[in-house]
Amino acid sequence: MRLLVTGGAGYIGSVVGALLVAEGHDVTVLDDLSTGHADAVPAGAAFARGTLREDAPRLLAGGVDAVLHFAAKSLVGESVTDPAKYWSNNLGGTVTLLEAKCSTASMPSESTSAAQSRSVPLTNVAPGGTASANPVDRSSSTVTSCPAATSCPATTLPM
Ligand SMILES: NC(=O)c1ccc[n+]([C@@H]2O[C@H](COP(=O)([O-])OP(=O)(O)OC[C@H]3O[C@@H](n4cnc5c(N)ncnc54)[C@H](O)[C@@H]3O)[C@@H](O)[C@H]2O)c1
């Protein structure tokens, strides 16, 4: 399959990308290197340095079977001091991606709320019903209920 891995120069996306290359998929990594590293891009994957908003539509127009989306800012402390950056990048960037290509997309789940959870399936609400308050989790969880995501029948989202 022709796969686009956003955030493929980052911690999780680079590992997923390497596994997909090993499985024989045609992988393109989109990453702006804002926190990732070029040398983490899996060998055998094509690399497009760019942003979700400016470059995802162009890459998707070239023909992609599925998107695995790991491009996000995920520093909880920074998200509290600069929440606008997180809402713009994580929610705005993801909506652009979804609108550009309503395809099969695996969305990143919540880091802190998932770690708090003891139940399966994982949700964006910690046991006891306490929703995460930090902008990393809130900007990501909002994606799952926005029209760009819910109107896309082939999109896989965290519960
Ligand atoms: N690391 C964990 O343990 C963990 C656990 C659960 C969920 N997650 C989620 O997985 C996702 C990835 O986490 P990570 O730990 O790999 O982070 P990371 O910072 O290592 O990787 C994110 C990558 O996305 C890129 N990026 C960010 N914004 C971008 C944009 N607008 N356009 C293009 N590239 C962009 C960065 O340069 C970086 O390479 C996040 O949503 C995070 O919340 C992480």
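Helices (DSSP H or I runs of at least four residues) and strands (E runs of at least two) are numbered from the N terminus in these legends. This is a predicted model: local features need pLDDT of at least 70, side-chain atom pairs count only at pLDDT 80 or more, and totals for chains, interfaces and linings use all residues. Residue numbers start from 1 along each chain as its sequence is written.

**View 1. The protein chain holds 7 helices and 7 strands.** Starting at the N terminus, the order of elements is β-α-β-β-α-β-α-α-β-α-β-β-α-α. Of its 159 residues, 38% are buried, where buried means that 20 or more other C-beta atoms, placed from the backbone, lie within 10 Å of a residue's own.

**View 2. Helix α1 covers residues 11–22.**

View 3. Gly13, Ser14, Gly17 and Leu20 are the buried residues to look for in α1. Seen down the helix axis, the buried residues fall within an arc of 125° (taken from the directions from the axis to the C-beta atoms), so they line one face of α1. Turned away from that buried side are Leu19 and Ala22, both exposed, that is, with 12 or fewer such C-beta neighbours within 10 Å.

View 4. Among what covers the buried residues of α1 are β1 (2–6) and β2 (26–31).

Methods
Expected span 1.5 Å × (residues − 1). Contact = placed C-beta atoms within 7 Å.
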